[in-house]
Amino acid sequence: VQLVESGGGLVQPGGSLRLSCAASGTIFGVYAMGWYRQAPGKQREYVATITSGGSTNYVDFVKGRFTISRDNAKNTVSLQMNSLKPEDTAVYYCNARPPTAWGRSDYWGQGTQVTVSS
């Protein structure tokens with residue numbers, strides 16, 4: 001499974017960015033997809049997930065600001081980020097979690113930098 005993120009960049013506080021993750025080499029629709037982030041000097045942390053059935057979950061500090069979505073026809077998952085804050089600055093990673101019954105580990109993309117600064 002290959003995951004390639006795009007859409008990161010520099011944005012002012014209060015601005016918006018849309019991250020995308022393109023997956024290849026797998027049956028995309030059966031995977032739970034997620035976004036994580038890692039700020040400098042901090043551990044990687046969970047941001048949001050979307051199940052194969054389309055159910056979503058978010059960490060509290062992005063609820064109401066970020067929206068995760070997936071397009072199974074295009075093998076992509078996106079993260080729409082609005083009302084960005086400086087503390088959202090981090091490298092954002094796409095995650096693909098195979099069905100538990102497969103007994104396989106998660107897959108990760110290479111990350112895309114998001115910088116929120118005036």
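**Exercise 1. Is V30 buried or exposed, or partly exposed?**

Start with the number: V30 has a relative accessible area of 33%, so V30 is partly exposed. The cut-offs are under 20% for buried and over 50% for exposed, with partly exposed in between, using a 1.4 Å probe and protein chains only. Next, find the spot: V30 sits in the loop between β3 (17–24) and β4 (32–38). Strands here are DSSP runs of E, at least two residues long, numbered from the N terminus.

Before going on, a word on the model: it is predicted, so local features need pLDDT of at least 70 and side-chain atom pairs count only at pLDDT 80 or more, while totals for chains, interfaces and linings use all residues. Residues are numbered from 1 along each chain as its sequence is written, and side-chain values use heavy atoms, leaving out hydrogens and water.

**Exercise 2. Work out which face of β7 is buried.**

Walk along β7 (residues 66–71) and watch the side chains alternate. F66, I68 and R70 point to one face and are buried.

Now look for the partner strand. β7 pairs with β8 (residues 76–81) in the antiparallel sense over six bridges; pairing takes at least two bridges found by DSSP.

**Exercise 3. Find which residues have the most contacts inside the largest nonpolar core.**

First, the rule: a nonpolar core is a set of buried Ala, Val, Leu, Ile, Met, Phe, Trp, Tyr and Cys residues joined through side-chain atoms within 4.5 Å. The largest such core has 29 residues, and those with the most contacts inside it are M33, W35, V77, L79, M81 and Y92. The elements giving two or more residues to it are β3, β4, β5 (45–50), β7, β8, β9 and β11 (112–116).

Then zoom in on two of these residues. W35 lies in strand β4 and counts as buried because its relative accessibility is 0%. V77 is in contact (heavy atoms within 4.5 Å) with residues including L19, F28, M33, W35, I50 and I68, leaving aside neighbours within four places in sequence.

**Exercise 4. Which strands does β11 pair with?**

Take β2 (residues 9–11): it pairs with β11 in the parallel sense over three bridges, and V11 has V116 as its bridge partner. Then take β9: it pairs with β11 in the antiparallel sense, also over three bridges, and V91 has Q113 as its bridge partner. As for the faces of β11, T112, V114 and V116 make up the covered one, while Q113 and T115 make up the uncovered one.

**Exercise 5. How many salt bridges are there?**

Apply the rule: a side-chain nitrogen of Lys or Arg must be within 4 Å of a carboxyl oxygen of Asp or Glu. The count comes to five. Among them, R37 and E45 meet at 2.8 Å, N to O. R37 is buried at 5%, whereas E45 is partly exposed at 32%. Another joins D106 and R97, with the closest N and O atoms 2.7 Å apart. To finish, salt bridges that share partners join R37, E45, R65 and D88 into one network.

Key. Helices (H or I, at least four residues) and strands (E, at least two) are DSSP runs, numbered from the N terminus.
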